[in-house]
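I am keeping these notes while I look through a structure, one topic at a time. My plan is to write down what I looked up and what I found.

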Amino acid sequence: MYLSDIHTHSIASGHGTSATISNMAKAASRRGLRLLGITDHGPATLAAGTPSYFRSLPYSPRRRFGLELLYGVELNILDANGRLDLEDSLLNRLDYGIASMHSQNYKSGTKEENTFAYINAMRHPQVKILGHCDNPQYPVDYEALARCAREENVIFEINEASLAPYGYRGDTRANNAEILRCCRKYQLPIVLSSDSHGPEHVGKFTYAADFVHEAMFPESLILNNQIPRLKVFLLTR
């Protein structure tokens, strides 16, 4: 059992769920989580979180239903320069950012261009997680990303929605295996993330957990149950 899930979405993400933050927190609490991260999509995602939403989010309650909440954002990488879709005055007030590529906002380039985009995004001090960079639509150099992640204090995620049968990114297993290989090589921590768009999957890591265990990835490098250490990664600038 894992105790934290730091990549989840509420109704503010604009698609796939009508769940409020309270709905998400209640489901997470019932599943035994102690820490929940709400990371709604940035404003470049159609009908997602507006600047006013992210402006008010840091004032939301930090404890609900007996668990702690962090408030972040899943940012859209907009171009090969790693430009992000939330202005710094708002981003810097949130707990952390996840930097991701989505087809409606970023047209895949070459492996070198995609890698350059991720690396530039990682340079922002609020970016702490690379979101579902296992997507085969966006080929990258995982060695280069791992070296930069080590320098910039950024974490890779193993995304449940990428590995589950209901996922839509195609076969991500080879890319996830390469992520784990690089993280083991550079002793980089990871997190398992549900990427849940509603309460049904929050805190569930069935396929991600099976994958990392089959790969015999060290439990000491999985931060979901190391909550103080996880918070240091996320909150240290």
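Before turning to a pair of helices, I note that a helix axis here is a line fitted to C-alpha atoms over the stretch in contact, and that an angle runs from 0 to 180 degrees between N-to-C directions. I also keep in mind that this is a predicted model.

Entry on α7 and α8. I looked up how helix α7 (residues 173–186) and helix α8 (residues 206–214) pack, and I found an angle of about 55 degrees, with their axes 11 Å apart. The two helices, α7 and α8, are therefore oblique to each other, and α7 passes α8 in a right-handed crossing. On the α7 side the contact is made by R173, N176, A177 and L180, and on the α8 side by F211, V212 and E214. When I sorted the residues of this contact of α7 with α8, I had 4 nonpolar, 1 polar and 2 charged.

Entry on α4. Helix α4 covers residues 111–122, which is 12 residues, and from its first C-alpha to its last it reaches 17 Å, close to the 16 Å expected at 1.5 Å a residue. I then checked which residues of α4 are buried, and I wrote down N114, T115, A117, Y118, I119, A121 and M122. These buried residues of α4 pack against β5 (97–100), β6 (127–130) and α5 (142–152).

Entry on T20. I found T20 in the loop between β1 (4–8) and α1 (21–30). Is T20 buried, exposed or partly exposed? T20 has a relative accessible area of 34%, so I recorded T20 as partly exposed. Leaving aside neighbours within four places in sequence, T20 is in contact with S10 and I11. Finally, I noted that T20 and P199 are 179 residues apart in sequence, while C-alpha to C-alpha they are 9.2 Å apart in space.

Conventions
Residues are numbered from 1 along each chain as its sequence is written. This is a predicted model: local features need pLDDT of at least 70, side-chain atom pairs count only at pLDDT 80 or more; totals for chains, interfaces and linings use all residues. Side-chain values use heavy atoms; hydrogens and water are left out. Helices (H or I, at least four residues) and strands (E, at least two) are DSSP runs, numbered from the N terminus. The expected span of a helix is 1.5 Å times one less than its number of residues. Buried means under 20% relative accessible area, exposed over 50%, partly exposed in between (1.4 Å probe, protein chains only). Contact means heavy atoms within 4.5 Å. Angles under 35 degrees count as roughly parallel, over 145 as roughly antiparallel, 65 to 115 as roughly perpendicular and the rest as oblique. A crossing is left-handed if the near helix is turned anticlockwise from the far one by less than a right angle, and right-handed if clockwise. Ala, Val, Leu, Ile, Met, Phe, Trp, Tyr, Cys and Pro count as nonpolar, Asp, Glu, Lys and Arg as charged, and the others, Gly among them, as polar.
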